[in-house]
Amino acid sequence: MPKQVDDTASDLFVQLSDGSIDALNKLMQGFKASLLHHITRLVRDRQWAEEIFMDVILAVWEQRRNLAVKRDPVGWIFRIARNRAINRMRAANQRRRFFLEYVKTLNQLSNPVYAWLEKRDFQIRLENALGKLGKRRALIFRMHVLEGKSGREIASILGLSENTVRNHLARARIRLRRLLAYQ
C-alpha cells in the first residue's frame with residue numbers, strides 16, 4: 001500500500017478508529033515495506049527499524065481514537081515513525097556519551113600513570129601561567145600556596161605590607177583562573 005490513501009485504506013482507518021485489530025493488521029501489512037524503508041533510512045539499522053516499526057504499530061493502536069480527526073492519517077503514521085526513530089537515535093547517543101564518560105572515569109581512577117600524567121600536565125600549565133604573572137606576584141603566590149607561608153611571613157621576608165601581599169595573592173588567583181581555563 002503506497003503512502004496515498006485509497007478507498008480500502010480509508011475504510012481500514014475508519015474500522016481502526018472503531019477498535020478493529022484486524023484493520024490494524026491489514027493497514028500495517030500494507031504500509032510495512034514503505035514504513036520500514038522510511039525508518040531504515042533514518043536509523044541506518046534494519047533491526048532498529050523493525051523494533052521501531054513495532055513501536056509505531058503500538059502507538060497507532062493506542063491513539064486509534066484520534067484517527068477520526070486526522071486529515072492525513074498516513075502522514076500521521078509516518079510522522080510517528082519519524083519521531084520514534086529520532087527518539088531512539090537520541091537515546092542511543094546519550095547512552096553512548098554516558099558510556100564513554102564512564103569508561104574514561106574508570107580509566108582515570110584505575111590507572112595511576114594517567115593520574116600522574118594529569119597531575120604533571122597541570123603542573124606544567126601552572127608553571128607556564130605563573131611565568132605570565134610577573135616576578136613579584138609569582139614569587140608571592142609560590143611562597144603562599146606552594147611553600148605554605150602566611151601573608152605575614154611573606155610580608156616580612158619581602159619587606160612589604162600584609163595588605164600588599166593580600167592584593168598580589170588576590171590578583172594572582174584571578175589571573176591564574178583565567179590563564180588555566182584557556183589552556
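This is a predicted model: local features need pLDDT of at least 70, side-chain atom pairs count only at pLDDT 80 or more; totals for chains, interfaces and linings use all residues.
User: What pLDDT does the chain average?

Analyst: General idea: pLDDT is the predictor's confidence in each residue, from 0 to 100. Here the chain averages 86, and 90% of the residues score at least 70.

User: Where is confidence lowest, and where is it highest?

Analyst: Helices (H or I, at least four residues) and strands (E, at least two) are DSSP runs, numbered from the N terminus. Confidence is lowest in helix H5 (residues 112-131), at a mean of 79. It is highest in helix H7 (residues 151-158), at 94. Over residues 1-5 the pLDDT is below 50, and this stretch has 13 contacts in the model beyond near neighbours in sequence. Contact means heavy atoms within 4.5 Å.

User: How are two packed helices described?

Analyst: By the angle between their axes and the distance between the axes. Axes are lines fitted to C-alpha atoms, for helices over the stretch in contact; angles run from 0 to 180 degrees between N-to-C directions. Take H2 (residues 21-43) and H3: their axes come within 9 Å and cross at roughly 140°. That makes H2 oblique to H3. The cut-offs: under 35 degrees is roughly parallel, over 145 roughly antiparallel, 65 to 115 roughly perpendicular, the rest oblique.

User: Which residues of H2 and H3 meet?

Analyst: On the H2 side, they include Leu24, Met28, Leu35 and Ile39. On the H3 side, Ile52, Phe53, Val56 and Val60 are among them. The contact of H2 with H3 divides into 15 nonpolar, 1 polar and 3 charged residues. For the classes, Ala, Val, Leu, Ile, Met, Phe, Trp, Tyr, Cys and Pro count as nonpolar, Asp, Glu, Lys and Arg as charged, and the others, Gly among them, as polar.

User: At what angle do H6 and H7 pack?

Analyst: Helix H6 (residues 135-146) and H7 pack at about 135°, with axes 10 Å apart. H6 and H7 are therefore oblique to each other. Leu139, Ile140, Met143 and His144 of H6 make the contact with Gly151, Ile154, Ile157 and Leu158 of H7. By class, that contact has 6 nonpolar, 2 polar and no charged residues.

User: Is alanine 59 buried or exposed?

Analyst: Buried means under 20% relative accessible area, exposed over 50%, partly exposed in between (1.4 Å probe, protein chains only). Alanine 59 has 1%, so it is buried. Alanine 59 is in helix H3 (residues 46-62). Leaving aside neighbours within four places in sequence, alanine 59 is in contact with Ile80 and Arg84. Alanine 59 and isoleucine 80 are 21 residues apart in sequence and 7.7 Å apart in space, C-alpha to C-alpha.

User: Where is histidine 168, and what does it touch?

Analyst: Histidine 168 is in helix H8 (residues 162-181). Its relative accessible area is 16%, so histidine 168 is buried. Not counting residues up to four places away in sequence, histidine 168 touches Arg136, Arg137 and Ile140.

User: Where is arginine 44?

Analyst: Arginine 44 is in the loop between H2 and H3. At 73% relative accessibility, arginine 44 counts as exposed. Arginine 44 has a positive phi of about 60° although it is not a glycine.

Conventions. Residues are numbered from 1 along each chain as its sequence is written. Side-chain values use heavy atoms; hydrogens and water are left out.
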